[in-house]
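Please open the structure in a viewer and keep the selection tool at hand.

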Amino acid sequence: MRVRPFSVALASPLRTAREELTDRAGFLVGVGTSDGEVDRDGGDGDTDDGDTDNVDAPATGIGEATPLPGWTESRSACAAALREAAANSGGPAAALDDLDADDAPAARHGLALALADAAAREADRSLSAHLADRTGLPEPADFVPVNATIGDGTPEATAADAERAAADGYRCLKVKAGARPLEIDLDRLRAVREAVGPAIDLRVDANGAWDRSTARRALDRLEPLDLAYVEQPLPAADLDATARLRAETAVPIALDESLAERSVGEVLAADAADALVIKPMALGGPDRALAAALRAREAGVEPVVTTTIDAVVARTTAVHVAGAVPDVAACGLATGGLLAEDLAPDPCPVDDGRVEVPDGPGIAGGAFDGLV
Ligand SMILES: [Mg+2]
């Protein structure tokens, strides 16, 4: 097992609850398979075990662990968890069993992905086919529909951005709200609906910014706009209030940040959502993300797969997870543009409002060979 730190610059700073991030920093994880492990150097590029035969052997499976404070463990906790995993005398598979998805979801994502990539490549099938098969699902989709994200601008700018996205082929738009007074957000959203017409699916993401009375008023006023859903109208931990809100409105509700505070089971049991945003990095791996998506669907809650603004390896993995979910709704996978640079060219860029699920072996055939 090999671990290599990386950092890629964000196109514009990302404000989290705790800090302002200018880059996404994480770790690439490499595992070997049939020929045994590649070197165990903990990411510093040196080996001290004297075995030089396989030092430069390419990893046969690659994973990405990109922690996002608030959603996952810290970067230092992620590094420590991966270091411990690399030192596990039982090898990567045993290390995965020992990794706690609640304590170190990003680290678990990195290692689980590397092992799944290696297994899929060995079986000469795509990661989505591998995940689907292991979960008893039918053949994965060839394409996944994605939504465009429309940022917070004036009503005119928001409508212009929405019109541009619709012209680019997006059939689902997610508009950020909650940063401005409600009246202005309502103007923005009405302007968007008017600009794109009735055929485009509109989602609104309030990112937990509204209090209960603002959320009530917002949903009342938004009802005529025929929204696909309003995401996280109330703060993350406010599940009971969200359930009450949902019972009193015809506007469907999605939850996202609530999963950073509560388990999938708790969120589903609260009966507070029509849709649930699934982030593989925050849930501890593609396997766990797919399981969460299916669990949501069984509970009558529509899963929507998205990223934590990951680099290309994890972003492509999220595409595979989404592809494995039968008839998945538009997903938040058009996040590559939020990075100013990346680890490798994007193997599945957005085209006509959808992304192609890579069909080469593993995550993307040999597209990421040599990265770790
Ligand atoms: Mg959201």
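Predicted model: local features only at pLDDT ≥ 70, side-chain atom pairs only at ≥ 80, totals over all residues.

**First stop: the two domains**

Begin by colouring residues 2–125 as domain 1 and residues 143–356 as domain 2, the two parts into which the protein is divided. The centres of domain 1 and domain 2, taken over C-alpha atoms, are separated by 28 Å. Where the domains meet, 27 residues of domain 1 are in contact with 29 residues of domain 2.

**Second stop: the magnesium ion**

Next, select the magnesium ion and display the residues around it. Which residues are the protein donors of the magnesium ion? They are D205 (OD), E231 (OE) and D256 (OD), at distances of 2.1 to 2.3 Å from the ion. Along the sequence, these donor residues follow the spacing D-x25-E-x24-D. Of these, E231 belongs to strand β8, whereas D256 lies in the loop between β9 (253–255) and α9 (258–261); the pair, 25 residues apart, links distant parts of the chain.

The UniProt record, an unreviewed entry, places the feature "binding site" at D205, E231 and D256. These residues span 52 residues in sequence, yet no two of their C-alpha atoms are more than 9.2 Å apart, so they gather at one spot.

Select D205, which is found in strand β7 (residues 201–205). Is D205 buried or exposed? Its relative accessibility is 0%, so D205 counts as buried. Leaving aside residues up to four places away in sequence, D205 touches K174, V175, K176, A177, E231 and Q232.

Move on to E231, in strand β8 (residues 229–231). With a relative accessibility of 2%, E231 also counts as buried, because buried means under 20%. With residues up to four places away in sequence again left out, the residues touched by E231 include K174, D205, D256 and V277. D256 is buried, as is E231.

**Last stop: charges over rings**

Finally, select W71 together with K279. The charged end of K279 sits over the ring of W71, 4.2 Å from the ring centre. Then select F143 and R354: here R354 lies over the face of F143, 3.5 Å from the ring centre.

How many aromatic pairs are there, counting rings whose centres lie within 6.5 Å of each other? The count comes to zero aromatic pairs by this rule.

Definitions and conventions
Residues numbered from 1 in each chain as written. Heavy atoms only, no water. Phe/Tyr/Trp six-rings, centres within 6.5 Å; stacked < 30°, edge-to-face > 60°. Lys NZ or Arg CZ within 6 Å of the ring centre and 35° of its normal. UniProt positions renumbered as here; feature names shortened; annotations may be inferred. Helix = DSSP H or I, 4+ residues; strand = E, 2+ residues; numbered from the N terminus. Buried < 20%, exposed > 50% of the residue type's maximum accessible area, 1.4 Å probe, protein only. Contact = heavy atoms within 4.5 Å. Donors = N, O, S within 2.8 Å, 3.2 Å for Na, K, Ca; no water. Domains from an automatic or database assignment.
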